[in-house]
Amino acid sequence: MVVDFTALRPREAYSWMISTILPRPVAWVSTISAEGRTNLAPFSFFQGITANPPTLMFVPVNTRDGTKKDTVRNIEAVPEFVVNLVSFALAEPMNQTAAGLPYGESEFEAFGIAAAPSETVRPPRVAAAPVAFECTLDRILALGEGPLAANVIFGRIQRAHIADAVLGADGRPDPGLLDLIGRLGGDAYARTTERFEMERP
Ligand SMILES: Cc1cc2nc3c(=O)[nH]c(=O)nc-3n(C[C@H](O)[C@H](O)[C@H](O)COP(=O)(O)O)c2cc1C
């Protein structure tokens, strides 16, 4: 079949994209408001994009009524955030934090998720995350307008906290010990338990 994206409504385009572009890593992003209230939410439009300078991006899209998500409001007020990575053990608490709580209500508190202080940014990190990147905002790129339009958030990585328990014999993170999940379409997820290697030509 051929899908003509130019004829799709945003919701339909979204549905086709999230059921084909997969698996997607999950950025579990902690932010803080100007009043000091913390926020935590998952985003799977997420990637590392360059090491020079070390930069990642994730994309909170606008809500169905066209307003910005709490994560974007917070980063506009306090331009710092932490991208926590999600292991299989954290899948359920991560999913809980996708609930649309009123602005200012903390998912850390609502769902009993332990926070740990960051070193270089104000938002705390998720204490149990195997990896947490402390980031300062590089820029926000607004793409599109209205419902589902993108706020592409580029973050400059300042520090990474990597749990000692996920380091392999070579001192690098071991994918098996990391046990990260990927998002598939709808409510489906993948684990990284089945792997293969290939030598590059
Ligand atoms: C695994 C997963 C991935 C998600 N990815 C995105 C995403 O890439 N962009 C987005 O806008 N919302 C995404 N969501 C939905 C947000 O997490 C949800 O709208 C959340 O309430 C936003 O929180 P906030 O308003 O506190 O920023 C995702 C949800 C889940 C469970």
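**Around the ligand and across the sheet**

Visitor: How many nonpolar, polar and charged residues does the shell around the ligand have?
Guide: Ala, Val, Leu, Ile, Met, Phe, Trp, Tyr, Cys and Pro count as nonpolar, Asp, Glu, Lys and Arg as charged, and the others, Gly among them, as polar. By class, the shell has nine nonpolar, five polar and three charged residues.

This is a predicted model: local features need pLDDT of at least 70, side-chain atom pairs count only at pLDDT 80 or more, and totals for chains, interfaces and linings use all residues. Residues are numbered from 1 along each chain as its sequence is written.

Visitor: Which residues come nearest to the ligand?
Guide: A residue is near if its C-beta atom, placed from the backbone, lies within 6 Å. Of the 17 residues around the ligand, the nearest are Ala 41, Phe 45, Lys 69, Asp 70 and Thr 71.

Visitor: Which element gives the largest share of that shell?
Guide: Helices (H or I, at least four residues) and strands (E, at least two) are DSSP runs, numbered from the N terminus. Strand E3 (38–43) and helix H2 (70–77) each give two or more residues. With four residues, the largest share comes from E3.

Visitor: What is the order of the seven strands in the open sheet?
Guide: Strands pair if DSSP finds at least two bridges between them. The pairing here is antiparallel, and the order is E3-E2-E6-E9-E10-E5-E4.

Visitor: Which strands stand at the edges of this sheet?
Guide: Each edge strand has a single partner, so one side of it is left without a neighbour in the sheet. The two are E3 and strand E4 (46–51).

Visitor: Which residue in E10 does Phe 58 stand opposite?
Guide: Four bridges join strand E5 (residues 54–58) to E10, and the two run antiparallel. Opposite Phe 58 stands Ile 153.
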